[in-house]
Amino acid sequence: MIPRDHPRYHSLRTRERLARCAKKGIVTLEGLTAHGRGEAFDYLIGERTTDSALLAERTAAALLKAAHHPVISVNGNTAALAARGIANLQGASGALVEVNLFHRTKKRVELIERLLEDAGAEVFSGEAERLLPLSHDRAWCRRDGMFSADVVLVPLEDGDRCEALVSMGKTVIAVDLNPLSRTARTATLTIVDEVTRALPNIKSACNELSKKERDRLIDSFDNNYLLSDAIREMTARLSHALD
Ligand code: PTJ
């Protein structure tokens, strides 16, 4: 039992939740280590949404709203951390929600789909085929889902699939706390923020943005600036720690 007044209460509760989901088979053991890497970068960025991350989140909302066929790709970690956030964003953006896993088993797909549905999401779960240009199991997706999408939101993605989706001409929006990762560097738009903070911000922006503001954000975003600013924020915090 974690006492509410523990200074790391939120972080410890999140770990507890992920460990519970790992025991059920929703999250993999590898997913737990991926979370640890995310935590480290979140510590560096001050466990808050920076101004540039908020700008990226508003731009993500603009891209999703302007898309013809937007898809939100969900893996085990994202479902465990943010199933409700995914359902709410689906409601605001009209995107399809599709499960796509690195460590893919039929049982895991079903468990994650059920978790998302229990949180209120409508999951696109037709017949999957090996359609993406990848040698591992992230190649599996649905022809009318991710394969035909023009805009794909990929929280906590691996670099290979991000590259494959970009090579297929899709607009790829990544959520990744590591601004140095291959995913962060390959995506069309990178949100350097924690996924449970990012999703509600994207959702709110979906509801708020006027068409004019949407077009302005899409025309003016610069992913190099967003990544450099995240690194500047982290470096500034490290420099302060030395003072
Ligand atoms: O459920 P599966 O089988 O599809 O597997 C999912 C994982 C996460 C294991 C898989 O996609 C993976 O190995 O991912 P990577 O390559 O480790 O990349 C995950 C990235 O997400 C890393 O750069 C982390 O820093 C980042 N990250 C981890 N937790 C969070 C995060 N970014 C935002 N919010 C988080 N909570």
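**Entry 1: the largest pocket**

I looked up the largest pocket in this predicted model and found about 1100 Å³ of space in it. I noted that 45 residues line this pocket, and that A34, H35, G38, N77 and L156 are the closest to its centre. The elements that give two or more residues to the lining are α1 (9-24), α2 (29-45), α4 (76-93), α7 (182-186) and α8 (195-208). Of these, α2 gives the most, with 11 residues. I sorted the lining by residue type and got 11 nonpolar, 17 polar and 17 charged.

Terms for this entry: a pocket is an open set of points, on a 1 Å grid over the protein atoms alone, where a 1.4 Å probe fits and where protein lies on both sides within 12 Å along at least five of seven lines; lining residues have an atom within 4 Å of a point. The volume is the space filled by probe spheres set on the points, which are joined across faces, edges and corners. Helices are DSSP runs of H or I with at least four residues, strands are runs of E with at least two, and both are numbered from the N terminus. Ala, Val, Leu, Ile, Met, Phe, Trp, Tyr, Cys and Pro count as nonpolar, Asp, Glu, Lys and Arg as charged, and the others, Gly among them, as polar.

**Entry 2: how the model is read**

Residues are numbered from 1 along each chain as its sequence is written, and side-chain values use heavy atoms, with hydrogens and water left out. Local features need pLDDT of at least 70 and side-chain atom pairs count only at pLDDT 80 or more, while totals for chains, interfaces and linings use all residues.

I found N77 in helix α4. N77 counts as buried because its relative accessibility is 8%; buried means under 20%, exposed over 50%, and partly exposed in between, with a 1.4 Å probe and protein chains only. The C-alpha atoms of N77 and A34 are 8.6 Å apart, although the two residues are separated by 43 residues along the chain.

S11 is in helix α1. At 13% relative accessibility, S11 is buried. I also found a polar contact of 3.5 Å between the side chains of S11 and E39. Such a contact is a pair of N or O atoms within 3.5 Å; within protein, one must be able to donate a hydrogen and the other to accept it, and residues adjacent in sequence count only if both atoms are side-chain atoms.

**Entry 3: the ligand**

Which residues come nearest to the ligand? I listed F102, H103, R108, D176 and E194, out of 22 residues around it; a residue is counted if one of its heavy atoms lies within 4 Å. An oxygen atom of the ligand is 2.8 Å from an N or O atom in the side chain of D176. An oxygen atom of the ligand is 3.3 Å from a polar backbone atom of L156, and a nitrogen atom of the ligand is 3.0 Å from a polar backbone atom of V195. Taken alone the ligand exposes 750 Å², of which the protein buries 92%; the areas come from the Shrake-Rupley method with a 1.4 Å probe.

**Entry 4: loop residues**

L156 sits in the loop between β5 (151-155) and α6 (159-167). L156 is not a glycine, yet its phi is positive, about 55°. At 29% relative accessibility, L156 is partly exposed.

E47 lies in the loop between α2 and α3 (51-66). E47 has a positive phi of about 50° and is not a glycine. E47 is partly exposed, at 36% relative accessibility.
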